[in-house]
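The sequence and structure come first.

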Amino acid sequence: MGKIIRNNYRKWIEMVMLPILLVAGFFAVYSWIGYERGLQWHSLRKGLEAIVILWAVSVMTQCSLKEKLWRPAYMVLFMYALVYPTIISIGRKGWITDFDFAAPYFLIAVSAASLITVFLYLGQASRKLGYLFNFLATFLATLLFLNTLIYIGYFCVYHTPFVAADMLAIIQTNASEARQFIEGQIGLLPLLLGVILTVSFAGMFAYLIKLSTHTKAKKSNAVNDNQKRKLLCAVIVLVCGYLICYWGGKSYPYNEYRMAKSYVSVVQRAQKEHGEAVKKLELLHGTNQTLPKQLPGTVIFIIGESENRDHMSAFNPSYPAETTPWLSRESQNRNFILLANGYANYPQTTPSLEMALTGVNQYNHQNLETAFNIVDVAKAAGYDTWWLSNQSKMGDGTTAAGLVASWTDHHVWTNHPMGDDMELLNLLKNVPKEGNHFIIIHLGGSHLRYAERVPADFEGIQIEGNPERTNEYDSTVLYTDQVMKEIFEYAQQNLNLQALVYSSDHGEDMVYSHGAGKFTYDMVRIPIFFYLSPDYMQAYEKKVENLKRNKKKVFTNDLLYDTISGMIAAENNQYESKYDLFSTSYELTAGTALTKHGQERIDRDIH
């Protein structure tokens, strides 16, 4: 009797301690591969949920985690809890990775493993439904394996975690396009290999089930007549099913699918509403006075990415490396005007471009749905409009950029967005050499994972004493300078370039990157410069004089709508001269300038 009591006591200790040790082990692994905030309460709470689930299943089945019944479930548990968080951590290239990135996959893994174990237990307990429960366990495990296999395959090809923009292509494709993509991009051999691996996994899992559930001893432990056990079993199935659905909605692939569907919906709605709003656009001085009518040719607006002017020698001559040799040289050219105090309106791409590309700014409280954008104005002025981009169509959520792109006459993306920015030059060469063109070029620039923004053989910046991350960032600045040089020289020689504007979307902090959570002024100090052709400077002498007089004043990039409208002489009924650098009325000062959409004052950064 004493031996039985000791054995039962030991078993209960195991049922409590093994889940705690297992969860602690996962948290230790997450910390080791770079996840942070794992010990804060919101993270520990998720760990506690996992412990309770594993303990409850152990009690219900009377099998601790070390017993055979759990072994098939371990395949899913370790696969889902480790593969996704590891790939996500690798994809962030050493940047801070919050535990929230791993949490959905961790809790799906625990819930799925628990549900599979319950199915196997029920399979032992029911002669009639045993095969059904075993099939359900195998089906769930195989489905999760296939999901993971696709994710791993994507990472092996693109060296990045799955992004929502690629889901956009999936939901908008048809059977013919899908077949062509599989044949052209994937190939039948990798597809066949994937099928073989999936079938092999299902067979291995079914074999493990046979090994783990064939003993009669386990069957004798089943308690079909115990109503409390049945109720606990039903509760566990419902809880695990709910958690799989809940966290599945916050993880691959459903999260990316939901984002893509939402994006499509937003685009469709905005296109409809904007179509009505743009009918009200009126040019104050008529179409005959616009730049393309006075000086036919091309205007280019280049949108940079995450570029901090403090790291650019053209803006900061004391910087310890020459990061902008082309722009530094051209800054001595009277046709180039560099702004001394350019700032982003927000330290993230989405909200920043929402204002930089439209008539909405931090000061006028304009409604986005009824606001015009710079493409509307360029079209009204008489330009054929182009969008050339090396960023995702969804730009990691940059809806404003995607919407404005969709309203251009021609919108083209590089074959592999966020690859080599020099590919944009090839897209630019597709623009006809004759005619009036307004071209927006969206660079990948200095986006996160800096080392991937430059070619492998590019000789970058190495400043002794600087962290490697800073040197990699400076190398992207140097490469962007080279890209802009090529774009400028081609446009000047082939497209009758009349004007060029460059502005980064936001800046970059070498510790915190960029974002609203931990704001620093490094995140919003951006480069902005203008090139104006000799013909432009002669034809619009007064505008040029105003720009040069205003170049040392504070300027936030949400005023680009008004400034570009003034630059192309397309002042309109949503244009305000007080926000136009080409106007005598420009009046923004350090004391009135704002960033982070009005939450931060610029004068706190002006010394």
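## A salt bridge within a helix

Lys542 counts as partly exposed, at 49% relative accessibility. The model is a predicted one. Lys542 pairs with Glu545 in a salt bridge, and their closest N and O atoms are 4.0 Å apart. Glu545 is also partly exposed, at 40% relative accessibility.

Both residues belong to helix α20 (residues 541-550), where a spacing of three residues separates Lys542 and Glu545 by about one helical turn. An α-helix has 3.6 residues a turn, so residues three or four places apart point the same way.

## Other salt bridges

The structure holds 14 salt bridges. One of them joins the side chains of Glu14 and Lys66 at 2.8 Å, N to O. This pair links distant parts of the chain, 52 residues apart: Glu14 sits in helix α1 (residues 2-32) and Lys66 in the loop between α2 and α3. Glu14 is buried, at 16% relative accessibility, whereas Lys66 is exposed, at 55%.

Glu576 and Lys578 form a further salt bridge, with 3.9 Å between the closest N and O atoms. Glu576 is partly exposed at 25%, and Lys578 is partly exposed at 28%. A network of salt bridges links Asp310, Asp522, Arg525 and Asp605.

## Helix α2 and its end

Helix α2 (residues 41-61) has 21 residues and spans 30 Å from first to last C-alpha, close to the 30 Å expected.

Ile87 lies in helix α3 (residues 71-91) and is buried, with a relative accessible area of 7%. Beyond its neighbours within four places in sequence, Ile87 contacts Tyr151, Ile152, Phe155 and Pro161. His159 is 72 residues from Ile87 in sequence, and their C-alpha atoms are 9.0 Å apart.

Key: Residues numbered from 1 in each chain as written. Predicted model: local features only at pLDDT ≥ 70, side-chain atom pairs only at ≥ 80, totals over all residues. Heavy atoms only, no water. Helix = DSSP H or I, 4+ residues; strand = E, 2+ residues; numbered from the N terminus. Expected span 1.5 Å × (residues − 1). Buried < 20%, exposed > 50% of the residue type's maximum accessible area, 1.4 Å probe, protein only. Contact = heavy atoms within 4.5 Å.
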